[in-house]
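Visitor: Hi, can you walk me through this one? Keep it short, please.

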Amino acid sequence: MAITRPDETDLLLPLHDGAHEQAPFALFLQRLKRRVRADQAALAVRAGQGEWRWLDSRIAPPPDQDHLTGLRAHRVYAEEEGGYARLIRVDEPGGAAAVLVIRRTQPDFSAADGALLARLAPHFAIALRTRAALDHAATTASVVERAVSAGRIAWASFGADGRPLARSEVFAARGGAFWPIAADVAACVAERRPMVVRLRPNEAAAMLLIPLDLPRTPLATAPVALGLIALDAEPGDDPQPALLAALFGLTGSEARLAAAIAAGATLSDAAAQLGLTIETTRNYSKRLFAKTRTRGQVDLVRLIGASAARFALGPFTPPAESEEGGSRPE
């Protein structure tokens, strides 16, 4: 039996549009619940080999994970525990899966209700694939944003007319409002070379504009240039002693001294900051330079600046350490 015209409007359209909703498939589930006169219409999902969870956070996690995993795709199952239920599972090629469940206390669902779930399954599989792709893209974008922010880089992409097509979260805040750069973008693309664009008149801050040659897609406007801004360090961005200890095998005291030096302190300044005598600080510095194979403070700053310590990765807990022996495995 084919899906009726009313079902196309009431169920299929919300189903496909539901992949783009902030609360995925909420309207579809509401319409399905009304269509089959159910007490509940819910959706359990999982990514890859992870655990099943209900999209509606008000519903407790499925108690029998193995049961949902064992369901065969596109087959309607009937259950009669604490009422009546119909279940159908759909999978998508990337590994995501979903189980659509309708429940009511009584009476039992009809054969037509089960047949409706079976007819919806192919459409639901397409919608699930769309949502999985959107979630994957959003996760990738978040990782990229974190990576470039950790590297102290703000970015924006520009179309051929000089308008921004996308930007990192910190670009607007650190780079200021957009300014007319259509001519700069056109020149960068025409000459096919990086160009320096001043952010504001009479200021040293600048953006590096790089031409892009990206593959064209049917429905998205491909940017023609990428703008990069190197971000200045902010308070709290100084190298973390715990991270330095893990990277270079330093003791806690040596790592704290290394962090102070990397932040621009002289040995005298570092001694005052750390509450040490200048003689103790010199002794720590000799051990620090020996362990890092550096020839002095300038060389140490250069080493730390070129290491992973320059990334602002947030709180970091190193392995247990010994003041005499440096980091040690637990």
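Guide: Let's start with a pair of strands. Strand β3 (residues 76–79) and strand β4 (residues 84–91) pair in the antiparallel sense over four bridges. Strands pair here if DSSP finds at least two bridges between them. Helices (H or I, at least four residues) and strands (E, at least two) are DSSP runs, numbered from the N terminus.

Visitor: Which residue in β4 is the bridge partner of V76?

Guide: I88 is the partner of V76.

Visitor: Where do the coordinates come from?

Guide: This is a predicted model; local features need pLDDT of at least 70, side-chain atom pairs count only at pLDDT 80 or more, and totals for chains, interfaces and linings use all residues. Residues are numbered from 1 along each chain as its sequence is written, and side-chain values use heavy atoms, with hydrogens and water left out.

Visitor: OK, sheets. What is the strand order in the open sheet?

Guide: The order is β7-β6-β10-β9-β8, five strands with antiparallel pairing. β7 (164–167) and β8 (195–198) stand at the edges with a single partner strand each, so one side of each has no neighbour in the sheet. The twist averages 30° from one strand to the next. Angles run from 0 to 180 degrees between N-to-C directions, and axes are lines fitted to C-alpha atoms, for helices over the stretch in contact.

Visitor: How many bridges join β6 and β10?

Guide: Six, linking β6 (residues 153–158) to β10 (residues 225–230). Contact means heavy atoms within 4.5 Å.

Visitor: New topic: how do α9 and α10 cross?

Guide: The axes of α9 (residues 267–274) and α10 (residues 278–292) come within 9 Å and cross at roughly 110°. They are therefore roughly perpendicular (65 to 115 degrees; under 35 is roughly parallel, over 145 roughly antiparallel, the rest oblique).

Visitor: Which residues meet there?

Guide: L267, S268 and A271 in α9 meet I278, T281, R282 and S285 in α10.

Visitor: Last one. Is F311 buried or partly exposed?

Guide: F311 is partly exposed, at 28% relative accessible area. Buried is under 20%, exposed over 50%, partly exposed in between (1.4 Å probe, protein chains only). F311 lies in the loop between α11 (297–305) and β11 (321–322). Not counting residues up to four places away in sequence, F311 touches A150 and G151.
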